[in-house]
Amino acid sequence: MTSTTNGTPMSSGGGSGSSGPTFDPYDNTPELIPLRTAAQAGDWPAVRAFFAGLGSVDQLTSASALLADTPGVENFLERAAAELPGDPLPRTLLAERYVFIGWDIRSGARAKYVSQDQFGQFHDWLRRAEQILIEVCAEQPAYAPAWTARLLTARGLQLGQAEARRRYDRLAAHHPHHYRAQMQLLQQLCPKWSGSWEAAHGFARECATAAPDGSNSGAMVALAHIEHWLDLDSGEDAAYLRGVPVRDDLRNAAQVSVLHPDHRPDWNSIGAHSAFAFAFSVGGHFADAAPHFAFLGDRASEFPWQYLPDQKSAFLKFRKSALASQGGRQL
């Protein structure tokens, strides 16, 4: 790794001989490892101390999601929530863990492939989470992790587009340009969750244009195009991302966000660069993908690479093509 800013790796090289990438967030952001250690040990004081040391709302919600994806943490979080009824942190972490448990039962399949029993258990867990989150948001109306988790429950409980947008707007009033919340609302606005492409692309461009130059929010444009590509039939999908209008849209969004001189890498930058690298590469725009692979090196976020059958092989193939587009220069 060549340098760091605020402990966040800036570049990992990633030449053509590299065996990467790693999709593990703890490998990609080593300062998160103490959270994993504490969570796996069931050490609530250490978990609480880790969250107390975080420097931004974006870090808070990113760490919350990682903790929620750790099996078994609900056991010590239930005890902590009972012992600290006035503290929003253990209750919100517990609620998000319930959301993840429910979503694991539902699976990521389209609704027609999910059984009624799965849906029943899924909704039960989400309702438990929602009840906790309603109380937290009433007490702490500016608490971003709770509002972000409520975007997940709104989608899973099918509360509708207007309610999801209301929740996002409540969060954004206190924390505008919040990356994880924007990702969650973007999913809600896609047709697969009863939205529309007009709404999804409109919101993505709104995120890109409203945010300060150098923000990660421009990646919503790439993610919207990736979701649109995913929804198209074979043949149409590749043509969509190859199209000049989409390419230009991606270029403009990249230039005002992660490629802007004011961009300061943070925990979400790997995901934002991954979105652009993915969209440009699937569209065959390898010269445009090159600077994003240069940043990523041997790192990548699980999302959106999980949309490809063999994400590691695809990443390596695309990165090699991006390298070739630069005349073989090291990315």
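## Burial and the model

A residue is called buried when its relative accessible area is under 20%, exposed when it is over 50%, and partly exposed in between, using a 1.4 Å probe and protein chains only. Phenylalanine 50, with a relative accessible area of 14%, is therefore buried. Phenylalanine 51 is also buried, at 6% relative accessibility.

This is a predicted model, in which local features need pLDDT of at least 70, side-chain atom pairs count only at pLDDT 80 or more, and totals for chains, interfaces and linings use all residues. Residues are numbered from 1 along each chain as its sequence is written, and side-chain values use heavy atoms, leaving out hydrogens and water.

## Aromatic rings

Rings of Phe, Tyr and Trp (its six-membered ring) pair if their centres lie within 6.5 Å; planes under 30 degrees apart count as stacked, over 60 as edge-to-face and the rest as tilted. The count by this rule is 14 aromatic pairs. In one of them, the rings of phenylalanine 50 and phenylalanine 51 have centres 6.1 Å apart and planes at 85 degrees, so the pair is edge-to-face. Phenylalanine 303 and tyrosine 307 are likewise edge-to-face, because their centres are 5.5 Å apart and their planes lie at 75 degrees. Tyrosine 307 is partly exposed, with a relative accessible area of 21%.
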